[in-house]
Amino acid sequence: MDYDALFEKHLSALRDAGNYRVFAELERCSGVFPQAKWHHDGATSDVTVWCSNDYLGMGQHPIVTQAMHEAIDRCGAGAGGTRNISGTNHDHVLLEAELSDLHGKEAALLFTSGYVSNWASLGTLGSKLENCVILSDSLNHASMIEGIRHSRAEKMIWRHNDPEDLDRKLSTLSPDRPKVVAFESVYSMDGDIAPMEEILDVAEKHGAMTYLDEVHAVGLYGPRGGGIAEERGLMDRVTLIEGTLGKAFGVHGGYITGSAALIDFIRSFASGFIFTTALPPAVAAGARASIRHLKESSVERDLQKSNVALLRKRLDALGIPHLPNPSHIVPVMVKDPVKCKMISDILLSDYGIYVQPINYPTVPQGTERLRFTPSPMHTTEDIDHLTRALGSLWSQCALARSVA
Ligand SMILES: *Cc1c(COP(=O)(O)O)cnc(C)c1O
């Protein structure tokens, strides 16, 4: 058997379909975010990163990096075991307390990543709650889809952000079956936000528990960075809130929060929690410092909002089409996979601007886009440089402009 030939066959199919992924090799530079070095063909050049999920630049914040240095010096590098066997460090316990406080819940549980938290929690709920049905928004993240699939529970998909469709689907189910309504707050590709109150009304009417992924909202929305549920005063109505420490908090890891019984249940039955080494204590310490800072400080959130508004204004002035949405995500619509990749390549090589093209299958065909995430650290010059570059590339590629 020539196994490499079998692998290559799949890879060439991917290349032929235009879906082969090429990673830009970056070297992040602490202290000058969003600037980074780009390594390519044996050389390096300076680039401005325009598509980072380190939304607030907390990955380089001195409060965060100092907490990590201090914890490494105090505890060493790794956690030393799974949570059950010698791996539960004091820093994990402190971080879990910080997270349950952030979301106004009784308890919290840490995971290796946000992906694992969704996969393990939905997998456990769906498999352990007898006769359970999981009702999943049609645009839910891959980690939720995989967790639901893994649980082997019955799954119903409701139309994206459509509480009426959810209501119809829930109405067909017997009142005595356990039901989990799974959805996100901010959806990462379109930047749209769930009609959370209406979804909660419907779920409560049918006695369903709610599972909310706030990965693209924690740190960014709400007076203490608790997410969209905090901003809208709805945290106490959501059964389980899931988040990441790797995006706006700038570090690494995932978590869930909820009632003491719910968290103890997941802690006790989730294989993806139990049988893996705990996060390094320094990672937990850095994440906790980041959360504590963003509970108190709105400076980063305010600057980010004004940069998002400025970028949108500059794009509008040039007639460059971008999806209107109420979030911090600015999707510039190219609507052509080849041109989308080409614009991204030229921005990188000729303008020192790094934005990854987003093509099918991440988004539907015909909606190919460049997804910009302005941070508090992008300067007005960065924004002007970007929009000037986009303006000339828009003409070069003969792309349609919107009328103001
Ligand atoms: C990124 C992402 C996750 C996974 O979080 P990680 O900490 O990066 O593993 C989960 N849900 C959504 C919606 C995401 O975009």
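Tutor: On a 1 Å grid laid over the protein atoms alone, a cavity is a set of points where a 1.4 Å probe fits but cannot get out, and its lining residues are those with an atom within 4 Å of a point. Points are joined across faces, edges and corners, and a volume is the space filled by probe spheres set on them. Rolling a probe the size of a water molecule over the atoms shows where empty space is left. The model is a predicted one, in which local features need pLDDT of at least 70 and side-chain atom pairs count only at pLDDT 80 or more, whereas totals for chains, interfaces and linings use all residues. Residues are numbered from 1 along each chain as its sequence is written, and side-chain values use heavy atoms, with hydrogens and water left out.

Searching the whole structure in this way turns up 1 cavity of 30 Å³ or more, and the space in the largest cavity comes to about 100 Å³. Its lining is made by Arg83, His92, Leu110, Phe111, Thr112, Gly272, Phe273, Thr276, Thr277, Ala278 and Leu279. Sorted by class, the lining holds 5 nonpolar, 5 polar and 1 charged residues, where Ala, Val, Leu, Ile, Met, Phe, Trp, Tyr, Cys and Pro count as nonpolar, Asp, Glu, Lys and Arg as charged, and the others, Gly among them, as polar.

Let us now follow the chain around two of these lining residues, Arg83 and His92. Helix α3 (residues 83-87) contains Ser86, and the phi of Ser86 is near 70°, a positive value in a residue other than glycine. Further along comes helix α4 (residues 90-102), which holds Asp91. Asp91 makes a salt bridge with Arg74, their closest N and O atoms lying 3.2 Å apart, where the term means a side-chain nitrogen of Lys or Arg within 4 Å of a carboxyl oxygen of Asp or Glu. Side chains of opposite charge can pair when their charged atoms come close. Arg74 belongs to helix α2 (residues 62-75), so that the pair, 17 residues apart, links distant parts of the chain. By the same rule, the count of salt bridges comes to 21.

Key. On a 1 Å grid over the protein atoms alone, a cavity is a set of points where a 1.4 Å probe fits but cannot get out, and a pocket is an open set with protein on both sides within 12 Å along at least five of seven lines; lining residues have an atom within 4 Å of a point. Helices (H or I, at least four residues) and strands (E, at least two) are DSSP runs, numbered from the N terminus.
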